[in-house]
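Please look through the sequence and the structure shown here, and then follow the explanation below step by step.

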Amino acid sequence: MNILHCDLDAFFASVEQRYHPEWKGKPVIVGGQPGSRGVVSTCSYEARAYGVRSAMPINQAYRLCPQGIYLLPDLPKYQEVSQQVFTILQRYSPIIETISIDEAFLDVSASHLLFGSSAQIASMIKEDVARELGLSISVGIAANKFLAKLATNLSKPDGLLEMGEEQIRDILPRLPVTEIWGIGSKTALRLKRVGIITIADLLASPRSQLEGILGSNTDFYIRLCKGQDTRPVEVESKRQSLGNEITFPQDLADQEEIQQVLLELCCRIGYRIRQSSLMAHTITIKMRTPDFKTLTRSKTLPQGVDADLAIYDIALDLYRNSDIIGSSLRLLGVSAGKLIDRNEEPGTLFYDKNQTLDGIMDDMKKKFGRETIKRGSLLKSKHTNKGNKSETIV
Ligand SMILES: [Mg+2]
C-alpha cells in the first residue's frame, strides 16, 4: 500500500490558532464577520461541536455559536503555511499530487528503503508537521487514491488509518455513497430516491438503474465501490490553464445577467477545451467588485470535465458559494486548469446528453463561425454578444 493521502485538519482555523495561542481550544470560524453574507470556509473542531460546518452561512453559524471567534480568511498567510507543509511532504517522496491548499496525494513506492513502511512514513509526516508547524494533519494509507482519501476522511481529525483488505471488506460496504469521491449531493439524492444509500446498496442495484443516474461513469463508480481505482498519483501537469474573462462596460448587478455571462464564459471554455482534446480537472472563477476587490474560487475534481454544462454547474456553484454573491461585478472570468489529454482520462464525467449537443454545436461553430449558434438562454444576453471589446482570452 503505497499511496498516502494527507489532509490538514481544519486548516485555516488551525493556522489562526497557531498565530493566536489564546484562541486554542476555542471555537474559531473563518469565513466572515457575523452579519455578513459570507459562508463558513473552515471552522475549528471546537466550533464543529456546536454544529457549525463548512459552507454554512455565517449568520447561521452565529446563531449556533455566538461566542465563536469570527475571522476573515487570510489567504496569503495560509498559502505560506501550505508551502511549508508541502516542503515537509517533499522530504518523503517527489511524487506529489496537489489537490488543494491543504491536501495532497503522495506515492511512496520508492521511499521505503530510506524511510520504512508507509505507516512509518505517515507517522513521520505527522510528527514533522506537528513539531515544526504546530498543526495536525491526517494521513490515509491505501493501495490507491480513492481508498487513501477515504481512510483520511474516516480517521479525521489527527488521524492515521491504513485501509487494508480487512477494512475494505468490513468498512467500505457500510459507508454512505456520499463518501465516494466525485458523487456530489445532487447525485446522492437521485441515488437515495431509488433506495441507494450505502456502497453495498449501490453494488446490489441493477446496472440499468445505475446507468440512468451515473451515465457513462457507472463502471468507474462500481469499481470505486469495490475499492478499485487505477488512477496514478500525478505530479503537477505541465500544461497551463486557459481562461476567458469579461470586464463590463458598466457594473453588472442583475443576478440573472451575471449567471448568463457565466454560462457564456463556460461555453467558450468548454469549446476551447474540446477543440484541444483536453479535460479540465480544476475550474476557477474570478470576480471583481466595483471597489476593485478581486476574488477567485476554485474547485478541483477527481475526473476531468469538458462539457459546457458540467463546467457551468461547477462555476455556478462556486459563484453561489462565494461571499460576493449579491454584489455588483465589474469583471467576471472563468478558467480551466489541471488540463490533461482527453485520451489519458479514464472515462468522462457527468453529461452524456450535453456532450452530444456540445459536439453538434462545436461543428456548427467551426463551419459557420463562433457566433452562429448559442444556447437559448444566452440569446438575450447583451454582455456576451459579438463586439464586446473588453474580453480577455488567456
Ligand atoms: Mg483539510
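In this predicted model, the donor residues of the magnesium ion follow the spacing D-L-x93-D in sequence. Aspartate 7 belongs to strand E1 (residues 3-8), whereas aspartate 102 sits in the loop between strand E5 (96-100) and strand E6 (103-107), so the pair ties together parts that are 95 residues apart in sequence. The ion is coordinated by Asp7 (OD), Leu8 (O) and Asp102 (OD), at 2.2 to 2.5 Å, and both aspartate 7 and aspartate 102 are buried.

Strand E1 is also part of an open sheet of five strands, whose order is E5-E6-E1-E7-E8 and whose pairing is mixed. At its edges are E5 and strand E8 (160-162), each of which pairs on one side only, and from one strand to the next the twist averages 15°. Within this sheet, strand E7 (residues 137-142) pairs with E8 in the parallel sense over three bridges, and isoleucine 141 stands opposite glutamate 162 in E8. Helix H6 (residues 118-133) lies across E1, E6, E7 and E8, and runs at about 170° to E7.

A further open sheet is formed by three strands in the order E3-E2-E4, again with mixed pairing. Strand E3 (42-43) and strand E4 (69-71) stand at the edges with a single partner strand each, so one side of each is left without a neighbour in the sheet. Strand E2 (residues 28-30) runs parallel to E4 and is joined to E4 by three bridges, with isoleucine 69 in E4 as the bridge partner of valine 28. Helix H1 (residues 11-19) packs on this sheet, where it touches E2, E3 and E4, and its direction makes about 120° with that of E2.

Methods: Residues numbered from 1 in each chain as written. Predicted model: local features only at pLDDT ≥ 70, side-chain atom pairs only at ≥ 80, totals over all residues. Heavy atoms only, no water. Donors = N, O, S within 2.8 Å, 3.2 Å for Na, K, Ca; no water. Helix = DSSP H or I, 4+ residues; strand = E, 2+ residues; numbered from the N terminus. Buried < 20%, exposed > 50% of the residue type's maximum accessible area, 1.4 Å probe, protein only. Pairing = 2+ DSSP bridges. Contact = heavy atoms within 4.5 Å. Axes fitted to C-alpha atoms, helices over the stretch in contact; angles between N-to-C directions.
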